[in-house]
Amino acid sequence: MMPSTPIALVAASVQDTAGRVAFVPKPGGPPDTSAYMWGGYAVAAIVYAGYVMVLRRRIAHTRRAP
Amino acid sequence: MALVSSTTRGPGANSSSASAPWLRVDDHGVDVLMIVAALACIGAVVRALFFTPADAMLGAVQKIFYIHVPAAVVGLYIACGLLAVSSIMYLWIKDDRIDRLAESSAEVGLVFMGVVLTTGPIWGRSSWGTWWAWEARLTSTLFLWLLVLAYLVLRGAVESQESRARLSAVMGSLAALLVPFIHLTVTLFRGMHPEPVVLAPEKPKLPIEMLTTFGFSTVAFLLLFVALLRMRYRWATMRDARAALESA
């Protein structure tokens, strides 16, 4: 069965990757991946700060217990 | 060292260790070691984000390296190593303080490994185009995380203090056996995870600026581990002392 669109036209069209690729390399330098960098640092900060808070709550709760 | 020289047994026998010098905080509850560790981590992060060059190929996301790898070094090698050593020592001399040390290193190690398992996919999404790949390094690290989680669940499920300590010591020492395997996965199996760049067999494959930042970051994470371990151990000591008082 023949496709309705000529294959040359498909190849020449801009492909909508819909977020399936992480970045498109730019000719002027490395890709802008700073959002991932900030995301990674934010996750680490939240995990460590959250654990410190959990430990502080546990200690406070043990101190208060009758 | 007093921590391993005592052979006293029973939950109440070691309650005096709550006032051990290395566990003390000041009268206002300020933990100086935790403050020092937090400042060191902030300094390392500022250096990594603003004073270290970005990778020419990967861009800014490569800077996740400065939290991902130190967290792996501390979480896998140091925390799991401490878990294994203290578990084996507990089976040998049956000291409650060593059991608490094993429990604390497992939980703090779980947090560090959690950071490894969350920052890794974020980096992987940008570099590999996918959040996760079922390849040897990632999968075995996830298995270790699940084993350490199971270790902590087991501790909560056993009523008897002595049985709990003995069973978890066996499980802790066996779980840590996975660490050398995880280290070798990148050479034994063909996968997507890169081979070691700092602990490379010949010499580190990093420029000096990146290597210095990595060194700062590793020391900061090590300090954070010690501070969290101390805090967790202190809580475990208070908890056991209170339980001993309640059962008396």
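Q: At what angle do H4(B) and helix H5 (residues 136-157) of chain B pack, and how far apart are their axes?
A: In this predicted model, H4(B) and H5(B) pack at an angle of about 145°, with their axes 10 Å apart; axes are lines fitted to C-alpha atoms, for helices over the stretch in contact, and angles run from 0 to 180 degrees between N-to-C directions. Helices are DSSP runs of H or I with at least four residues, numbered from the N terminus. The crossing of H4(B) and H5(B) is left-handed, the term for a near helix turned anticlockwise from the far one by less than a right angle, right-handed being the clockwise case.

Q: Which residues of H4(B) and H5(B) meet?
A: On H4(B) they include B:Ala106, B:Leu110 and B:Leu117, and on H5(B) they include B:Leu142, B:Trp145 and B:Val148, where contact means heavy atoms within 4.5 Å. By class, this contact has 13 nonpolar, 2 polar and 4 charged residues; Ala, Val, Leu, Ile, Met, Phe, Trp, Tyr, Cys and Pro count as nonpolar, Asp, Glu, Lys and Arg as charged, and the others, Gly among them, as polar.

Q: Why are H2(A) and H4(B) called roughly antiparallel?
A: Helix H2 (residues 34-64) of chain A and helix H4 (residues 96-127) of chain B pack at about 165°, with their axes 9 Å apart. Angles over 145 degrees count as roughly antiparallel, under 35 as roughly parallel, 65 to 115 as roughly perpendicular and the rest as oblique, and the pair is therefore roughly antiparallel. H2(A) passes H4(B) in a right-handed crossing.

Q: What makes up the contact between chain A and chain B?
A: In this contact, 29 residues of chain A touch 41 residues of chain B. The area buried between the two chains is about 3000 Å², with 70% given by carbon and sulfur atoms; buried area is the accessible area (1.4 Å probe) that two parts lose on being put together, summed over both. A:Tyr41, A:Tyr48 and A:Tyr51 supply 25% of the area that chain A buries against chain B, more than any other three residues.

Q: Why is B:Val179 called buried?
A: Its relative accessible area is 9%, and buried means under 20%, exposed over 50% and partly exposed in between (1.4 Å probe, protein chains only), so B:Val179 is buried. B:Val179 lies in helix H7 (residues 178-188) of chain B and, leaving aside its neighbours within four places in sequence, is in contact with B:Leu76, B:Tyr77, B:Cys80 and B:Leu144.

Q: Why is B:Leu91 called partly exposed?
A: B:Leu91 has a relative accessible area of 32%, and therefore counts as partly exposed. This residue of helix H3 (residues 65-93) of chain B is in contact with B:Arg166, B:Ala169 and B:Val170, once its neighbours within four places in sequence are left aside.

Q: How do you know how far the values reach?
A: Local features need pLDDT of at least 70 and side-chain atom pairs count only at pLDDT 80 or more, whereas totals for chains, interfaces and linings use all residues; side-chain values use heavy atoms, with hydrogens and water left out. Residues are numbered from 1 along each chain as its sequence is written, while chains are lettered from A and ligands numbered from 1 in the order in which they are written.

How values were computed
Helix = DSSP H or I, 4+ residues; strand = E, 2+ residues; numbered from the N terminus.
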